[in-house]
Amino acid sequence: MRAGWVAWLLAPLLVGAMTPPERVDLIIRGGTIYTGAEAPFVGDVAVSGDRILAVGPNLPYSAARIVEARGMVVAPGFIDPHTHAGPQLASDDARTRLIPAFLMQGVTTAFIGNDGGGEPDVATVLARTGTRPVGINYATFVGLGPVRTATVGNDDRAPTPAELDRMRQMVAGAMCEGALGLSTGLFYAPQSFASIEEVTALAREAGRRGGVYDSHIRDESSYGIGLVAAIDEAIAIGREAGLPVNISHIKALGVDVHGQAPAIIARIEAAQAAGRRVTADQYPWSASGTTLAASLVPRWAQDGGRAALLRRFDDPAVANRLRADMADNLRRRGGAASLLITEGAHRGRRLAEVAGARGADPIAAAIAVIRVQDPAVASFNQTEEDIAAFMRRPWVMTSSDASTGHPRVYGSFARKYAEYVVARRVLSLREFIERSTALTADTFGIVDRGRLRPGAFADIVVFDPDRYAANATYERPTELAVGVRAVIVNGVAAVENGAMTGAAAGRGLAHTPTPGSCP
């Protein structure tokens, strides 16, 4: 009887010993695995083709390739829900399309079309990988900007009923082609000219097809309706249109609203308690990235686009009002020393330096610069207390808002780990990983990504917890991050032994619309 029990207990081990182990394409062996959902453990990840075959300790597989990961963190590839990487993904240059800045941080999927910039021809955007291979996966929003400009133009007016109907059709068509949802940049003209009713009508088309309303809200500061009212507006649009809301790059921007993070958190969590799905993404930097005109020029002066703005600069009838509004906006942002120009002839100089060199006041200097070019700027306008308060909330995911000239392109995920997990201990390592992977996938319906589990796509990062950090700074914004040992995209090694392989295994990811919602 005892011998029978011993044979029964040993049967799995004997089978494993007598049966040749199954051969797979890749094994990541012996790392500390964070699946995106469970507590970490030491084990292996087996990959076959573009999918994960198994996850667990001491997997009984042999492999064509082995990544030795002892002492390393093994996690799902990071998902960046807010970038401006569309031009790079569509570039004529093959290396640019690999997006090294993302891969060397472990980012394997990025969203484009944010801030209302997504093109309505979503099918074409997603199909580009057929002729222009890319290094990462990407998904896209349809944006209010192109939709409104194609119908209303740059003018500050409401659409006619026929124009609104056309806009609704454009959003519906984009959703049926695989858009994640509707994105807006209501701070930026001409999107700022859209009323809440107009935006709600368009968001309803996205909601009917399973999309998300993703918004750079109308005011992150005190420019117009104010931060609190802008948060309320976004929540109201989601409620009336019947779809989840994501607040893009959540922040309290500028001296007038510093310290308001707790109040904003309370409003969002009250909406959640009432049954609304509201989330946010956040980049881990105290400086935002925008343009000089967007920072300083009031929205009324941008009615009609750049040509109209340049005429207003020379119009004595509005000169005093324009300068006064620009001066107040400069005060709001912390003064001329808080604006670092990151492109063009004045790259690397603060507005205060430019003004001093010209012997002019900061507003006159800003107008002179904008006349030639509206350059990108890094605007230092947030407090660490507000950043940490937002970051701690379980509904806030990691993003970069990657834009030219700002170190957040090259370092957001790595900086969040090194600065806010290791140095400041705002988050645990598990929280950082799950809010950079599973939370994002679940929020936006990215199927079979964001977790290490059998059947999921093999998007994986392996990094050294003692070395993973950002090198990019405001002065040197294009330095690659360090500490990533390996990155797998759809089962293919994109980074190996800490170096790019040149593989372009990324895919365009189409969101599946609600069944029956499309022709």
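At 7% relative accessibility, glutamate 220 counts as buried, where buried means under 20% relative accessible area, exposed means over 50%, and partly exposed lies in between (1.4 Å probe, protein chains only). Lysine 251 is likewise buried, at 4% relative accessibility. The model described here is predicted: local features need pLDDT of at least 70, side-chain atom pairs count only at pLDDT 80 or more, and totals for chains, interfaces and linings use all residues. Residues are numbered from 1 along each chain as its sequence is written, and side-chain values use heavy atoms, with hydrogens and water left out.

Glutamate 220 and lysine 251 form a salt bridge, with their closest N and O atoms 3.2 Å apart; the term denotes a side-chain nitrogen of Lys or Arg within 4 Å of a carboxyl oxygen of Asp or Glu. Glutamate 220 lies in the loop between β11 (212–216) and α9 (227–241), and lysine 251 in the loop between β12 (245–247) and α10 (261–273), so the pair ties together parts that are 31 residues apart in sequence. Helices (H or I, at least four residues) and strands (E, at least two) are DSSP runs, numbered from the N terminus.

## Further salt bridges

A search of the whole structure finds 29 salt bridges. One of them joins aspartate 232 to arginine 267, the closest N and O atoms being 2.8 Å apart. Because aspartate 232 belongs to helix α9 and arginine 267 to helix α10, this pair ties together parts that are 35 residues apart in sequence. Aspartate 232 is partly exposed at 30% relative accessibility, and arginine 267 is partly exposed with a relative accessible area of 37%.

Arginine 323 and aspartate 361 also meet through their side chains in a salt bridge (3.2 Å, N to O). This pair links distant parts of the chain, 38 residues apart: arginine 323 is in helix α13 (residues 316–332), and aspartate 361 is in the loop between α14 (351–358) and α15 (362–372). Arginine 323 counts as partly exposed, at 34% relative accessibility, and aspartate 361 is partly exposed at 32%. Elsewhere, salt bridges that share partners join Arg168, Glu205, Arg208 and Arg209 into one network.

## The disulfide

The structure contains 1 disulfide, defined as a pair of cysteine sulfur atoms within 2.5 Å. It is formed by cysteine 176 and cysteine 518, whose sulfur atoms are 2.0 Å apart. The link of cysteine 176 and cysteine 518 is left-handed, with -95° about the S-S bond. Cysteine 176 lies in helix α7 (residues 161–176) and cysteine 518 in the segment after β22 (499–500), so the pair ties together parts that are 342 residues apart in sequence.

Both cysteines are partly exposed: cysteine 176 has 29% relative accessibility, and cysteine 518 has 24%. In general, a disulfide is a covalent bond between the sulfur atoms of two cysteines.

## An open antiparallel sheet

An open sheet is formed by 4 strands in the order β14-β17-β15-β16, with antiparallel pairing. Its edge strands, β14 (287–291) and β16 (349–350), each pair on one side only. Two strands count as paired if DSSP finds at least two bridges between them.

Strand β15 (residues 339–341) pairs with β16 in the antiparallel sense over 2 bridges. Isoleucine 341 has arginine 349, in β16, as its bridge partner. Strands of a sheet pair through backbone hydrogen bonds, either parallel or antiparallel.
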